Amino acid sequence: MIYLVKSVKNEYSEDFINGRLFFNDIEFYHEIEDKKVGDDQEGIMKSVHDSKQGYEVFINGSKLGTAWNVINQMEPKFSVPIKLACFSYIDCEDIEIDINDNINIKESYFKELERLNGERRLFLCQDVEKFMEEIDKSIKGKNIEIQTDCVSYYDKEHPLEQSLNNLENLSNKERDKIAKDIMFYKDIKYQKQKEWRILSLGQKNNVLHIENMKDSWTEITEYV
């Protein structure tokens with residue numbers, strides 16, 4: 001990851017650049033109708049197991065028929081509020097460096113991002129380390145835990161399924177880690193989002209106040 005990109009609705013863009021970073025509950029992504037952003041499986045471990053032979057289905061010894069796939073689904077439960085702030089990231093595949101060592105972001109990146117329309121403004125973070133330092137300052141002393149990472153995309157079988165099927169043999173610390181890690185996996189149909197996210201545990205409201213936001217973020221709407 002080299003840069004971060006944030007697409008913000010017009011009515012919230014001034015709040016964002018002035019340091020009001022909005023988070024959403026998991027349920028928000030379950031409910032919104034925009035299929036490019038909303039995900040009714042957000043924060044849920046889901047695996048689909050196909051079978052060429054089929055799975056015979058019985059109840060009390062009586063065969064009901066044949067199923068061609070089996071879905072294994074689990075949702076972690078947290079004792080403290082859990083919220084997400086979502087961004088997109090730019091990596092080496094998305095840039096070109098010219099003979100003067102200037103970095104150019106490819107036009108194809110924004111076309112594939114699928115998050116732009118006339119009702120949003122676009123911001124670029126060139127100093128992710130500084131941005132995270134400001135977030136750390138904003139949560140100091142507030143009993144809030146932050147975890148960040150790029151989202152990994154999977155097809156059918158969830159990468160954490162085997163660990164979840166072995167929960168009884170795991171410590172509470174290991175279970176807690178898996179529950180948080182689930183938040184960084186999504187179905188492969190969302191891979192064009194190239195998402196990087198902040199997971200917040202223990203945050204009671206939906207806004208973090210970030211100092212010096214303008215030092216890390218620049219608006220780029222007019223350039224794309």
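The model here is a predicted one. S7 sits in strand β1, which covers residues 3-9. Its side chain also has a partner: a polar contact of 2.7 Å links the side chain of S7 to that of R120.

A helix supplies another buried position. I178 belongs to helix α6, made up of residues 172-181. With a relative accessibility of 10%, I178 counts as buried because the cut-off is under 20%. As for spacing, I178 and E161 stand 17 residues apart in sequence, and their C-alpha atoms are 10.0 Å apart in space.

Next come the loops. K194 is placed in the loop that runs between β12 (185-187) and β13 (195-201). Its backbone has a phi near 45 degrees, which is a positive value in a residue other than glycine. K194 is a loop residue, and it is buried, at 12% relative accessible area.

N212 is found in the loop between β14 (207-209) and β15 (217-219). Phi is positive here too, near 55 degrees, again in a residue other than glycine. Is N212 buried or partly exposed? At 41% relative accessibility, N212 counts as partly exposed, because that class lies between the 20% limit for buried and the 50% limit for exposed.

Terms used
Residues numbered from 1 in each chain as written. Predicted model: local features only at pLDDT ≥ 70, side-chain atom pairs only at ≥ 80, totals over all residues. Heavy atoms only, no water. Helix = DSSP H or I, 4+ residues; strand = E, 2+ residues; numbered from the N terminus. Buried < 20%, exposed > 50% of the residue type's maximum accessible area, 1.4 Å probe, protein only. Polar contact = N/O pair within 3.5 Å; in protein donor to acceptor, adjacent residues only side chain to side chain.
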